[in-house]
Every structure is written in C-alpha cells, then in structure tokens.
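Here is my note on the model you sent. Please read it with the structure open.

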Amino acid sequence: MRLAQPPTVPPHRRLLPLRVGTRASPLARVQTRAFLAVLRTFCPVLRDLDVFEEHAIRTTGDAVQDRSLADIGGKGLFAKEIHEALHDGRVDFAVHSLKDLETALPPGIVLACTLSREDARDALILGPGCGAPDPADPLAALPHGARVGTSSVRRQAQLLHARPDLRVVLLRGNVQTRLARVREGAVDASLLALAGLRRLGLEGEASAVLAPETMLPAAGQGIVGVTVRADDTGLRDLLAAIEDPAARAVATAERALLAELDGSCRTPIGGYARLLEDGRLVLSGLVARADGGFLLRRTISGPAADAAALGRALGHSLRAESPPDLFA
C-alpha cells in the first residue's frame, strides 16, 4: 500500500480523544481496531497516545433480523444511525465495510479513506449433509434441493441461475451466527464474504472459495471505508496518510456502476474491479432477477484514471440491455 506522508501534529490541534463510530458486530469491531492500528502506525504523534474512543452504534440493519433488508427500508441500513452520530458531532469519523455504504452519502458526509482490499470473493459454507467440494465446480457439492441461507439477493440470483433446484431461505445475523446455523442444520449451506472470515480468523470455515466467474462479488466487498464530515479538513488530511490508491480506484469504479444502475435493494447487482500491472482497470458488472431467471453480465476495461467513467459506462450498458422493469 502506497502511503502519503503522515502529518506530524494532530489536525488543527483538535481536542482529544478522537471518537470513532462503528457497528457493534464482532467483524465491525475487528475492522475498526485494525484501522486504528494502521492510523497509529503512520501518524507518529498518535502512536503512543490513548487518543481514540470507540463508539459501537446499533444500526437498524443489526436490530431487525427477521426480515430482509429490502423489507425494512433498503439501502444504508447498516450506516444510517452511524452517520446521524457523525452529522450530530457525537463521533468524529466512522468505519464501515464499504459494501454496506449507500451509493449517495448523506449531505455533508464524505468517504475520506479506503483501506487495502482484502480478498473480495465469496466463500461457500457447507453443512454436514453436503458433499466434498470440487474445485472445478464447488456448487456441485450442494445436494439437489439443498437449502441455502442468505439475505443477499445478489447471491440468491446467481445461485438460482446456476442451480434452479436450490431453495434459498432468509438467513440474517453476524458471521458467527450464520456459521452456527449451518452447523446446526438449520440450513444446508450458506455464503459469506471471505474477507470477513479472514479478518475474524475464521478462514478455515470456508468449504470452498468461489471465483468471481462463479459468484460475482458485491461492489466494495473486502474494502474498509472511513467517512467523516465534509468540512472536517483536519481529519480528511490525517486520513489521506493511509489511503490506498488501488482500493480507491476499484471502489470508485464499482460505486459509479451502482450509481448508474440505481437499483433498489431488491435488484441483484454485482460489481468487481481489479487493477492490472499495466495500470488498466477491468470492471465486471452483473444485474439479474432474484429468481435467477434473468442474468446479464458484462465487462469493460480502460485506464484506472477513468475509473468513474468506466463504472458509469458499464452501468449504462447493463441498464440498456436489461428489461425495463428490472430497476423499478
């Protein structure tokens, strides 16, 4: 990760401690503490001081576990209360899984920093009733009619497109809860982000890792993003020290794709960008119906400097080739 020169004094000599907002889930807390460790490493004045105050905030997305996200209000449900605290000055910055952030942030709040991307792929979690996964076709390990637990319409659509015989059932909760439901036999299998498993030290729970060609990831998956108030130039300068330019480029492309499609939480959308050694960016996008009956995937490439334009162009192409009612 290429790092900017860190500041040598606290931004604008602000009052300490610096208050960081985060979801209360175990994964969110781990990600937040990892971010703070990076910040301490690259800002000498903060290295040996107890200057951070962590605020775990219970979000609507965490509080309501018996309904799909689309049924309880759609986008931004894992960030709404956190951004309210940021806007009101109760926290100074907030740490998020980038895929949980709404495409258009609330007025006065900006994405100030993206950290190096962890592996963006999805992991398949198989229960005891499933077969051994074949690396060439991991989904073949799922028995006919297997119950796969997920709350993601993106995962659901791709699963049912490949395997119409599967039964997808709603499964909400944190990583540990979903792993337990598979072990208990409540569902035969599930899908989780490999990045989250790795950050929690649970990578061994993955029965197989699905290639993007099999399961296109969500836009922003594997990236930690930090939001601040737009007028807090001091913190924005501080966070520039740990910005990962590669993560910013792929995040920009993927989020521009989302913005162009402007689908609801009921619209299955995937977006995954990667940088090549020659500086070009390759972006794949996907739109589908939740039942898997329609699925369209396209790829575009171009200079990384044109990340936003590439995202918009691919989004426009996908929308133009899709049934008009798909984005209603």
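1. Start with strand S8. Ala189, Leu191 and Ala193 point one way from S8, Ser190 and Leu192 point the other way, and all are buried. Buried means under 20% relative accessible area, exposed means over 50%, and partly exposed lies in between (1.4 Å probe, protein chains only). In a regular strand the side chains alternate between the two faces of the sheet. Because 5 of the 5 residues of S8 (residues 189–193) are buried, S8 is largely enclosed by the rest of the structure.

2. A word on the basis. This is a predicted model, in which local features need pLDDT of at least 70 and side-chain atom pairs count only at pLDDT 80 or more, while totals for chains, interfaces and linings use all residues. Residues are numbered from 1 along each chain as its sequence is written, and side-chain values use heavy atoms, with hydrogens and water left out.

3. The chain as a whole. It has 10 helices and 13 strands. These are DSSP runs numbered from the N terminus: helices are H or I with at least four residues, strands are E with at least two. Of the 328 residues, 51% count as buried. Among contacts with a separation of 6 or more, 69% are between residues 24 or more positions apart. Contact means heavy atoms within 4.5 Å.

4. What pairs with S8? S5 runs antiparallel to S8, with 5 bridges joining them. Leu124 has Leu191 in S8 as its bridge partner. S6 runs parallel to S8 and is joined to it by 2 bridges. Here Val148 has Ala189 as its bridge partner. Two strands pair if DSSP finds at least two bridges between them.

5. Look next at Leu139. It lies in the loop between strand S5 (122–126) and strand S6 (147–149). Leu139 touches Leu124, Leu159, Ala162, Arg163, Leu210 and Thr214, not counting residues up to four places away in sequence. Leu139 and Leu126 are 13 residues apart in sequence and 9.8 Å apart in space, C-alpha to C-alpha.

6. Leaving aside neighbours within four places in sequence, Gln158 is in contact with Thr214, Met215, Leu216, Leu286 and Leu295.

7. Now strand S1. Of its 6 residues, 5 are buried, so S1 is largely enclosed by the rest of the structure. S1 and strand S2 (residues 52–57) pair in the parallel sense over 6 bridges. Arg23 stands opposite Ile57 in S2. S1 and S3 also run parallel, joined by 2 bridges. Gly21 stands opposite Ala94 in S3.

8. A search of the whole structure finds 1 cavity of 30 Å³ or more. A cavity is a set of points, on a 1 Å grid over the protein atoms alone, where a 1.4 Å probe fits but cannot get out; lining residues have an atom within 4 Å of a point. About 60 Å³ of space lies in the largest cavity. That volume is the space filled by probe spheres set on the points, which are joined across faces, edges and corners. The lining residues include Thr22, Arg23, Phe78, His96 and Asp100. S3 gives the largest share of the lining, 3 residues.

Definitions and conventions
On a 1 Å grid over the protein atoms alone, a cavity is a set of points where a 1.4 Å probe fits but cannot get out, and a pocket is an open set with protein on both sides within 12 Å along at least five of seven lines; lining residues have an atom within 4 Å of a point.
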